[in-house]
Amino acid sequence: MAYFEECDAILNNIIGEKILRNQNICKLLYYYPECTDYSYDPLSQPDIKDTSVLLMEHVFPMPKLPDLETEQKGYMTVTISGGDKYSYDSNDGYRRINIIFDIIVHLKSWMIKDSYRVYKIAEEIDKMLNYQQTDLPIINRPIYYGFKSRDYSNYFYGLQLVYQFVVNSNIECAPIPQNLNIKKNEDEDCECNSMCFSKILNRR
């Protein structure tokens, strides 16, 4: 991912335009009973008017270890990894990027009415991203890449979900990356651009 230029745009979009605009995810991260109650239903609670209050409290754009076990709540981290070359033939600038969601919940808050808090959050994430057309600065649609159960401490457990997509980070065919290069005239296409995009189309 040349210069890591896409990191801000990808994380801001995922968190600001998707996670914090999804009331179900926000409720599942925000609402907890005053005492252990496995029949508690966070989804029946009122909408959160200002979901930005969850940022850096229940949603983090970086890895974060759980706090003391007395904080019997949950949170989510959203991080980026990967950047593997899309092809090993040449440095054509197309790279695989992984977006990783860690859903981390205290064991006493896992169970909610008729379900499990962690899996309900995972369900909402998958509905938003798995092979969906998005406004992310990517070439293809996000592809589900797998999940696994994780134990983050003696009291916090959860799931790690991974989605993969391809980013165009070309910097050789024009003075600026191709994905930022707006053509002034359709007849003045850069020959190198055409070759790069034809490679991607032929791989599908």
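Helices (H or I, at least four residues) and strands (E, at least two) are taken as DSSP runs and numbered from the N terminus. The structure is a predicted model, in which local features need pLDDT of at least 70 and side-chain atom pairs count only at pLDDT 80 or more, while totals for chains, interfaces and linings use all residues. Residues are numbered from 1 along each chain as its sequence is written, and side-chain values use heavy atoms, with hydrogens and water left out.

In helix H3 (residues 117-129), Glu124 and Lys127 are three residues apart and thus separated by about one helical turn. Their side chains meet in a salt bridge at 4.0 Å, N to O, a salt bridge being a side-chain nitrogen of Lys or Arg within 4 Å of a carboxyl oxygen of Asp or Glu. Salt bridges with shared partners join Lys120, Glu123, Glu124 and Lys127 into one network. Glu124 counts as buried, at 10% relative accessibility, where buried means under 20% relative accessible area, exposed over 50%, and partly exposed in between (1.4 Å probe, protein chains only).

A search of the whole structure finds nine salt bridges. One of them pairs Lys27 with Asp47, the closest N and O atoms being 3.0 Å apart; because Lys27 lies in helix H2 (residues 23-30) and Asp47 in the loop between H2 and strand E1 (59-60), this pair ties together parts that are 20 residues apart in sequence. Lys27 is buried, at 7% relative accessibility, whereas Asp47 is exposed, at 52%. A salt bridge also links the side chains of Lys73 and Glu71 (4.0 Å, N to O), with Lys73 partly exposed at 34% and Glu71 partly exposed at 40%.
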